[in-house]
Amino acid sequence: MSRTLALLAALALASPAWAQPAAPAAPAASTTSLQGDQQSWINDPHMHAFYDLTVQAFAAGPAKVDTARFQTQSYALFAAFGASRGMKPEAMVDHLKLIPGQVVQIAREDPQVLKSYPNFVAAVFGPQ
């Protein structure tokens, strides 16, 4: 009987019909933004204008930023940005309403953010 078990074991190991299918390969790791494709926003002239506006707001130093004026000017840019994308301007402003205050805080904490547009993009949109 032990010969029969040995034969069955050998057949089980050798037979592809009895073999378990190979596990599917794990997908390659990748990072995906929950925001979707941000490149069209990053490349948009309105975002470059927002960077320029931020640099101008900080021209006299972080302590001298007129936050209310910066917010008003940012909202005007955001409204134009929304309209350029076929959205209601008010909807885009509502979507981005916290960004000016956040940008002021970020730039005060790390002035390097304003040294270049890529630095600004990394701070506002996250690493690309």
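In this predicted model, the protein exposes about 9000 Å². Carbon and sulfur atoms supply 61% of that area. Buried residues make up 26% of the 128 residues.

Read along the sequence, the pattern is α-α-α-α-α-α-α. Among contacts in the protein with a separation of 6 or more, 61% join residues 24 or more positions apart.

The largest nonpolar core holds 24 residues. Phe50, Phe58, Phe70, Phe78, Leu114, Tyr117 and Phe120 touch the most other members of this core. Helices H3, H4, H5, H6 and H7 each give two or more residues to the core. The largest share comes from H3, with five residues. Tyr117 also illustrates contacts between residues separated in sequence. Leaving aside residues up to four places away, Tyr117 touches Ile42, Met47, His48 and Tyr51.

Helix H6 spans residues 99-109. Its buried residues are Pro100, Val103, Val104 and Ala107. These four cover an arc of only 105° around the axis, which puts them on the same side of H6. The spacing follows from helix geometry. An α-helix has 3.6 residues a turn, so residues three or four places apart point the same way. Several helices cover the buried residues of H6. Among them are H3 (45-57) and H4 (67-84). Helix H5 (89-96) and helix H7 (117-125) are also included in this cover.

Conventions: Residues are numbered from 1 along each chain as its sequence is written. This is a predicted model: local features need pLDDT of at least 70, side-chain atom pairs count only at pLDDT 80 or more; totals for chains, interfaces and linings use all residues. Side-chain values use heavy atoms; hydrogens and water are left out. Buried means under 20% relative accessible area, exposed over 50%, partly exposed in between (1.4 Å probe, protein chains only). The arc is that of the directions from the helix axis to the C-beta atoms. Contact means heavy atoms within 4.5 Å. Accessible areas come from the Shrake-Rupley method with a 1.4 Å probe; for residues, only the protein chains shown count as cover. A nonpolar core is a set of buried Ala, Val, Leu, Ile, Met, Phe, Trp, Tyr and Cys residues joined through side-chain atoms within 4.5 Å.
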